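Please read the following report alongside the sequence and the coordinates.

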Amino acid sequence: MKRETTPSQSEWLIMEVFWTNDPPVMTAGEVIRKVQDRSDMSPRMVRVLLNRLWQKGVLSYTIDEHDSRVYHYSVQKSKEECQREKAGNWKKSWSNVRKRMMMGNDSAGTLE
């Protein structure tokens, strides 16, 4: 199974913070403060989501030269890129469901 590379709904909230920030580079602490203005998400969850976004290639980071505990996150995929990927994944998934339905497969209603 192919690994998901687009943000989930919770991750999308984190990315909205980056996409609306100028410049789109922030520390985890800065992201946490901005997310808490919009959501009741815990700081720990924000850090988990930042890590997932990094693993998906949506964010990158550099380590602060003065404090190795501070990471500076930056955007690697634009909002438009993520939307295109999400739409493409949905179309592909729907196409697979339709193929299974045409073949009479009992698992036609499940998405990949």
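Helices here are DSSP runs of H or I with at least four residues, and strands are runs of E with at least two, both numbered from the N terminus. The model is predicted, and on this assignment its protein chain has four helices and three strands, which follow one another along the sequence in the pattern α-β-α-α-β-β-α.

Of the 112 residues in the protein chain, 30% count as buried. The chain exposes about 7800 Å², and carbon and sulfur atoms supply 51% of that area. When contacts between residues at least 6 apart in sequence are considered, 50% of them join residues at least 24 apart.

**Aromatic residues**

A search of the whole structure finds five aromatic pairs. One of them is formed by Y61 and Y71, whose ring centres are 4.7 Å apart and whose planes stand at 35 degrees, so the pair is classed as tilted. The reasoning behind that class is that planes under 30 degrees apart would count as stacked and planes over 60 as edge-to-face, with the rest counted as tilted. Because Y61 lies in strand β2 and Y71 in strand β3 (residues 71–75), the pair ties together parts that are ten residues apart in sequence. Strand β2 itself covers residues 59–63.

**Accessibility of selected residues**

Which class of accessibility does Y61 fall into, at 31% relative accessibility? Y61 counts as partly exposed, because that class lies between the buried limit of under 20% and the exposed limit of over 50%.

| Residue | Relative accessible area | Class |
|---|---|---|
| Y61 | 31% | partly exposed |
| Y71 | 29% | partly exposed |
| E30 | 31% | partly exposed |

E30 is found in helix α2, which spans residues 28–38. Although E30 and H72 are 42 residues apart along the chain, their C-alpha atoms are separated by 9.7 Å in the model. H72 falls within the residue range 71–75 of strand β3, and this separation therefore relates a residue of helix α2 to one of strand β3.

Note on methods: Residues numbered from 1 in each chain as written. Predicted model: local features only at pLDDT ≥ 70, side-chain atom pairs only at ≥ 80, totals over all residues. Heavy atoms only, no water. Buried < 20%, exposed > 50% of the residue type's maximum accessible area, 1.4 Å probe, protein only. Contact = heavy atoms within 4.5 Å. Areas by Shrake-Rupley, 256 points an atom, 1.4 Å probe, with all protein chains shown as cover. Phe/Tyr/Trp six-rings, centres within 6.5 Å; stacked < 30°, edge-to-face > 60°.
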